[in-house]
Amino acid sequence: MSLPAVGRAADTPATAVSVWPVRPVPFAAHIETIGQVEPFQGVTLSPEIAGRITELDFDSGATVRKGQLLLVLNDAPEQGELIRQSGELRAAEADLARARSLIRTGVESHEDLETATARFEAAKGNVARVQAVIDQKHIRAPFDGSVGIRQINLGQYLNPGDAIATLTSYARMRVNFILAEENAASVQLRQTVHLTFDTTPGQDFTATVTTIDPRIDGSHTLSIQALLDAPPADLHPGTYAHVSIAAKVAPHLVVPETAVTYTAYGETLFVEQPSTDGPTVTATAVRAGDRRNGWVVIDDGVKPDDRVVTSGQNRLVTGVKVREIPEVLPLAGLRELAQ
């Protein structure tokens, strides 16, 4: 739709402008949503068994390795019992070896061998049971990570389930987000999504979709999880993520973003019009869509092969004569619109 002229200057010299020929280009519309970061691995450490802390080998904020000893609950009774049971196991093992030797000579019966074997297995089980209790009282890091604020102190008595501290792995992060039902077909497993965080302005990251909930929930949204392999060092669980998903690539009419101007009539472009005494321009109302990499999709108002002004609009009104001058445009950004 052409807009009324604010004034005409048909007899003035042609105004120098740069122009761009409108044409369809492959464009991947992006779906934008908000996600939240969670650790790939994160637990609250707690004891499985009650006891008093006799050894404390970590502090708040420590970086620990998998299997590293963090604390010990009083295991003196179990250590004493382990010595006794280990002695009985050695005696049972010796009896079993003697029974095996004697049965070959016919002195011992098979029943005696079976009895010795049963005593040996029982003794071995008793040692394993006591050792398991000791292991429960030696609390170790289940994976590499960073310890949160310590909730306990040396000498404190702990009950099963009492919080010791959080342990979080920052090597990888998960990002959980949701999409509206109508956008469900735009995401697939192993698809790459783009992330930005307010805590790291100016930096872009990519994550891979690892899980898509098979059900649409009651609010007609779909839950999705993506894996971020190399998160920034200062990214914390709970941080919000700006998620961008490339939808299906389709041809769209795009123009340089500098071509769009804003007037009382809304968004407009100056479209070049051929004339016998030199081209002129017409201010045309348009409906702009997605913007990316210095380019903007025009959903309505122009057609293929229209030539639109990309610079010099501040000196233009409808009917002004123009002459074209070259301009360097971000063609690399144009090629990236399909990504």
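How many nonpolar, polar and charged residues does the lining of the second largest pocket have? In this predicted model, the lining has 3 nonpolar, 3 polar and 3 charged residues. The space in the second largest pocket amounts to about 160 Å³. Its lining consists of Leu45, Ser46, Pro47, Glu48, Asp135, Gln136, His138, Ile139 and Arg140. Two secondary-structure elements, α2 (110–137) and β6 (138–140), each contribute at least two residues to this lining. Strand β6 gives the largest share, 3 residues.

Helix α2 also packs against helix α1 (residues 76–103). The angle between α1 and α2 is about 160°, and their axes lie 8 Å apart. Angles over 145 degrees count as roughly antiparallel, and α1 and α2 are therefore roughly antiparallel to each other. The crossing of α1 past α2 is left-handed. By class, the contact of α1 with α2 comprises 14 nonpolar, 7 polar and 10 charged residues.

Charge pairing was examined next. Side chains of opposite charge can pair when their charged atoms come close. Across the whole structure, the search finds 15 salt bridges.

Definitions and conventions. Residues numbered from 1 in each chain as written. Predicted model: local features only at pLDDT ≥ 70, side-chain atom pairs only at ≥ 80, totals over all residues. Heavy atoms only, no water. 1 Å grid on protein atoms, 1.4 Å probe; cavity = no way out; pocket = protein on both sides within 12 Å on 5 of 7 lines; lining within 4 Å. Points joined across faces, edges and corners; volume = space filled by probe spheres on them. Helix = DSSP H or I, 4+ residues; strand = E, 2+ residues; numbered from the N terminus. Nonpolar A, V, L, I, M, F, W, Y, C, P; charged D, E, K, R; others polar. Axes fitted to C-alpha atoms, helices over the stretch in contact; angles between N-to-C directions. Parallel < 35°, antiparallel > 145°, perpendicular 65-115°, else oblique. Left-handed = near helix turned anticlockwise from the far one by under 90°. Salt bridge = Lys/Arg side-chain N within 4 Å of Asp/Glu carboxyl O.
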